[in-house]
Amino acid sequence: MGAADAEIEELLDRKKPVKNPLVPVGALITAGVLTAGLISFRQGNSQLGQKLMRARVVVQGATVALMVGSAYYYGEHFRGSKNEN
């Protein structure tokens with residue numbers, strides 16, 4: 001049992017940490033707004049559906065901006081720390 005525990009701990013140590021936790025949250029919010037919009041379209045409420053689709057575009061854009069911003073930040077941070085060594 002001890003060997004299995006050691007292997008599990010080794011796998012957990014090698015797991016890449018999430019650098020920006022807001023990106024998965026943004027993706028979940030995007031999926032939620034999309035689902036709500038599709039449900040409202042199916043129920044016949046096209047005005048609410050259109051508003052939700054517009055909100056989805058805004059949330060999706062914010063999520064992409066977070067991804068690009070975090071990639072830029074961590075890319076610069078990584079390059080800067082690499083040059084110092």
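Author: In this predicted model, a helix is a DSSP run of H or I with at least four residues, numbered from the N terminus.

Reader: Which residue follows α2, and what is the value of its phi?

Author: Helix α2 covers residues 22-42. The residue named after this helix is G44. Its phi is positive, near 95°.

Reader: How confident is the predictor in the chain, and which element has the highest mean pLDDT?

Author: The chain averages a pLDDT of 81, and 74% of the residues score at least 70. Among the elements of the chain, helix α1 (residues 2-14) has the lowest mean pLDDT, 68. The highest mean, 92, belongs to α2.

Reader: What span should helix α2 have from its number of residues, and how far apart are its end C-alpha atoms?

Author: Helix α2 has 21 residues, and at 1.5 Å a residue it should span 30 Å. The model agrees with this, because the end C-alpha atoms of α2 are apart by 30 Å.

Reader: Within what arc do the buried residues of α2 fall?

Author: The buried residues of α2 are V23, G26, T30, V33, G37 and S40. Seen down the axis, they line one face of the helix, because they fall within an arc of 115°.

Reader: Why would residues three or four places apart point the same way in an α-helix, and which residues of α2 are exposed on the other side?

Author: Residues three or four places apart point the same way because an α-helix has 3.6 residues a turn.

Reader: Is T30 buried or exposed, and which residues is it in contact with?

Author: T30 lies in helix α2. Its relative accessibility is 12%, and buried means under 20%, so T30 counts as buried. Leaving aside neighbours within four places in sequence, T30 is in contact with R56, V59, Q60 and T63.

Reader: Where does S70 lie, is it buried or exposed, and what does it touch?

Author: S70 is placed in helix α3, which covers residues 46-84. With a relative accessible area of 15%, S70 is buried. Not counting residues up to four places away in sequence, S70 touches N20 and G75.

Reader: What does UniProt annotate as "transmembrane region", and how far apart are the end C-alpha atoms of each span?

Author: An unreviewed UniProt entry gives this annotation to residues 22-41 and 53-75. In the model, residues 22-41 are 100% helix and 0% strand, with end C-alpha atoms 28 Å apart. Residues 53-75 are also 100% helix and 0% strand, and the distance between their end C-alpha atoms is 32 Å.

Definitions and conventions: Residues numbered from 1 in each chain as written. Predicted model: local features only at pLDDT ≥ 70, side-chain atom pairs only at ≥ 80, totals over all residues. Heavy atoms only, no water. Helix = DSSP H or I, 4+ residues; strand = E, 2+ residues; numbered from the N terminus. Expected span 1.5 Å × (residues − 1). Buried < 20%, exposed > 50% of the residue type's maximum accessible area, 1.4 Å probe, protein only. Arc of directions from axis to C-beta. UniProt positions renumbered as here; feature names shortened; annotations may be inferred. pLDDT = per-residue confidence, 0-100. Contact = heavy atoms within 4.5 Å.
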